[in-house]
Amino acid sequence: MIIAVASGKGGTGKTTVATSLALSIAANRPDVVAHRPSGESRGNTPIERRGGLLFLDCDVEEPNAALFLKPVLGEREDVGIMIPQVDYSLCTFCGRCAEVCVWHAIAVVGQKVLIFPELCHGCGSCTLNCPEGAIHEVLHVIGTLESGCAGPIGFAHGTLKVGEPMSVPIISQLKKKHLTENDGRTVILDASPGTSCPVVETMRGADFVLLVTEPTPFGLHDLRLAVQVARDELGLPVGVVVNREGVGDMGVDEYCAAEGIPILMRIPLDRRIAVAISRGEALVEALPEMRSQFVTLYEKIQREVASRKEAQ
Ligand code: SF4
Ligand code: SF4
């Protein structure tokens, strides 16, 4: 089961919820942790895939789940996109490559072919369309992937290089590397805030989207946008966690009731949580009594996913 944890805006406590959910499952659901992906034995499986619980921090512009889960990271690799490189001994400066590039990432100026890596999407169209076969592709590194484990939790995250504008290729490579379809593991994906392309890429293929919001007019505004993307555009089941319960009004409750969206958990406004987070401690480390509520949250999601599968 793949659970994407998202929020329409930053600062709602999305990573707080995602990390505490993972830590609570790890501490209280040995059956989940002990699950072995079918066909894989401990000996030949990468360390982050040896257990049944995996956490992927897909907020590659600002990955911070590692602050709370404190994983030991072993494997590191550069990731990027394939960008064109021109062989001037073959190029006739015909301009065809620039014509086909919808991203304006390549331009022919006199006897020069200019390539703008920060605009290039690595689509390969210029290479395919060059009549002289003068273009080949080279890797342009835009970030890194790292993986390891945090106790029994498999962990991996991606980090976008400073100055690089495109985070989606890192998220898709992070997921491609670590997710195997239908292997029965529980996977928690921590999405970036907002509702733009990186969030859509993170949610794609998830079984459930958990939306973390706060009960304020701003929270409601961004929750509506997140529901639009997750439920209405991607067709995924959604549920809500209301964080900092007591800080605002009843707008989120009324909206969820009207839309038939379940509110699966409420986290009170509590100074101890803010202090813990400012110290780099997970919510359930500061308030261990909340572990059982996160396990209940997990079990509610399991039921939501199962009932949706039955209905299909
Ligand atoms: S399409 Fe090929 S030959 Fe034409 S300008 Fe581009 S690189 Fe040169
Ligand atoms: S790979 Fe695609 S985006 Fe990049 S320069 Fe070529 S046509 Fe443009």
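I started with Ile3, which touches Val187, Ile188, Leu189, Ala206, Asp207, Phe208, Leu210 and Ile301, leaving aside residues up to four places away in sequence. Two residues are in contact if their C-beta atoms, placed from the backbone, lie within 7 Å.

I noted the ground rules next. The model is predicted, so local features need pLDDT of at least 70 and side-chain atom pairs count only at pLDDT 80 or more, while totals for chains, interfaces and linings use all residues. Residues are numbered from 1 along each chain as its sequence is written, and chains are lettered from A and ligands numbered from 1 in the order in which they are written.

**Entry: the whole chain**

I looked up the overall counts. The protein chain has twelve helices and eleven strands; these are DSSP runs, numbered from the N terminus, with helices (H or I) of at least four residues and strands (E) of at least two. The C-alpha trace spans about 70 × 50 × 45 Å along its principal axes. Of the 312 residues, 42% count as buried. Buried is set at 20 or more other C-beta atoms within 10 Å of the residue's own, exposed at 12 or fewer, and partly exposed in between, with C-beta atoms placed from the backbone. Among contacts with a separation of 6 or more, 74% join residues 24 or more positions apart.

I then read off the domains: domain 1 is 2-55 + 180-311 and domain 2 is 88-133. The bounds come from an automatic or database domain assignment. The two domain centres, taken over C-alpha atoms, are 43 Å apart.

**Entry: the core**

I went back to Ile3. Along with Val5, Ala22, Leu189 and Leu211, Ile3 has the most contacts inside the largest nonpolar core, which has 83 residues. Such a core is a set of buried Ala, Val, Leu, Ile, Met, Phe, Trp, Tyr and Cys residues joined through C-beta atoms within 7 Å. Helix H1 (residues 14-28) gives the most to this core, with seven residues. Domain 1 and domain 2 each supply at least three of the core's residues.

**Entry: the ligands**

I listed the 14 residues around ligand 1, of which Cys91, Cys94, Arg96, Cys97 and Cys130 come nearest. A residue is near a molecule if its C-beta atom, placed from the backbone, lies within 6 Å of it. Ten of the shell are nonpolar, two polar and two charged. Here Ala, Val, Leu, Ile, Met, Phe, Trp, Tyr, Cys and Pro count as nonpolar, Asp, Glu, Lys and Arg as charged, and the others, Gly among them, as polar.

Ligand 2 is surrounded by 14 residues, the closest being Cys101, Ala105, Cys120, Cys123 and Cys126. That shell has ten nonpolar, four polar and no charged residues.

**Entry: His35**

I found His35 in the loop between helix H2 (30-34) and strand S2 (53-57). His35 counts as partly exposed because it has 16 C-beta neighbours inside 10 Å. Its C-alpha atom is 8.9 Å from that of Thr186, 151 residues apart along the chain.

**Entry: strand S7**

I checked strand S7 (residues 153-160), where eight of eight residues are buried. S7 runs parallel to S2, joined by four bridges, and Leu54 stands opposite Gly154. Strands pair if DSSP finds at least two bridges between them. Strand S6 (residues 135-150) pairs with S7 in the antiparallel sense over eight bridges, with Thr144 opposite Thr159.
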